[in-house]
Amino acid sequence: MSSVPLGRLYACALAPPAGLRSSRPCPPAGPRGPGTASMAAPPAAQTGPQPAPRADGVMRHLPYFCRGQVVRGFGRSSKQLGIPTANFPEQVIDNLPADVSTGIYHGWVSVGSGDVHKMVMSIGWNPYYKNKKKSMETRIMHTFKEDFYGELLNVAVVGYLRPEKNFDSLESLISAIQGDIEEAKKRLDLPEHLKLKEDNFFHIPKSKIMNGH
Ligand SMILES: Cc1cc2nc3c(=O)[nH]c(=O)nc-3n(C[C@H](O)[C@H](O)[C@H](O)COP(=O)(O)O)c2cc1C
Ligand SMILES: Nc1ncnc2c1ncn2[C@@H]1O[C@H](COP(=O)(O)OP(=O)(O)O)[C@@H](O)[C@H]1O
């Protein structure tokens, strides 16, 4: 799937410690302003196959750039799924354009001023867990020596994989996530996506970051 960049949105929702602040100025998040996206209630019926979201809701905002400090989630990814995911704080979620579709996306990510890696991201209410709050959870295709809570996560969302789904077992959810990871790895090797790995967005001076990985 090719992305249609119609401008660049920075959801700079953090007020990081001075040492973590990016040198890059962060324009406002989008025409509708912050706070609207996560105000919406979860869709009533999230069970069974979900219709593909309208292409304009998904595509209009890609690539979508955002940063925020990693916060704690519910601790289920590691414990139950064996697939830890880094959670964004509420402010980053609130800054999502209101019409961005929930679902599974792929893109690029760095932690602090570290290397840029492939990633998959789940945006939504995790119907399997029936969450009440929208979340943005990033699975990074890299093995880290230790957790990085509190560090700056820099994300470029470049493409859409599928809608969120409910599953009848944890095994099915895990297998879907693993499938997403394999599919994302392939798509991100396409030239149109590879070039975003080099984007200036990821060039944060090391001096601005306290604990780069
Ligand atoms: C690539 C990817 C795809 C996911 N797809 C779904 C999904 O279709 N349905 C769902 O309920 N949760 C989905 N999740 C979210 C997981 O359920 C989530 O990571 C889990 O609830 C752990 O959350 P926690 O880190 O806040 O504990 C997905 C997560 C990832 C990384
Ligand atoms: N490859 C990885 N991708 C995402 N997070 C990772 C990865 N490796 C280690 N982590 C760490 O695991 C944490 C998430 O663990 P998880 O069990 O999902 O707990 P939580 O629900 O608190 O997010 C992340 O915040 C990060 O510090």
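Helices (H or I, at least four residues) and strands (E, at least two) are taken as DSSP runs and numbered from the N terminus. The structure is a predicted model, in which local features need pLDDT of at least 70 and side-chain atom pairs count only at pLDDT 80 or more, whereas totals for chains, interfaces and linings use all residues. Residues are numbered from 1 along each chain as its sequence is written, chains are lettered from A and ligands numbered from 1 in the order in which they are written, and side-chain values use heavy atoms, with hydrogens and water left out.

Around ligand 1 there are 23 residues, of which Arg-76, Ser-77, Tyr-128, Glu-137 and Lys-165 come nearest; a residue is counted as near if one of its heavy atoms lies within 4 Å. To this shell α4 (170-188) gives the most, with three residues, while α2 (76-81), β5 (116-124) and β6 (135-140) are also among the elements that each supply at least two. Oxygen atoms of ligand 1 lie 2.5 Å from a side-chain N or O atom of Glu-137 and 2.9 Å from one of Arg-162, each pair being a polar contact (N or O atoms within 3.5 Å).

The shell around ligand 2 comprises 19 residues, the closest being Gly-73, Gly-75, Ser-78, Phe-148 and Tyr-149, and its largest share, three residues, comes from β6. An oxygen atom of ligand 2 is 2.9 Å from a polar side-chain atom of Tyr-149, and another contact places an oxygen atom of this ligand 3.1 Å from a polar backbone atom of Thr-85. A nitrogen atom of ligand 2, in turn, lies 3.1 Å from a backbone N or O atom of His-142.

Methods: Polar contact = N/O pair within 3.5 Å; in protein donor to acceptor, adjacent residues only side chain to side chain.
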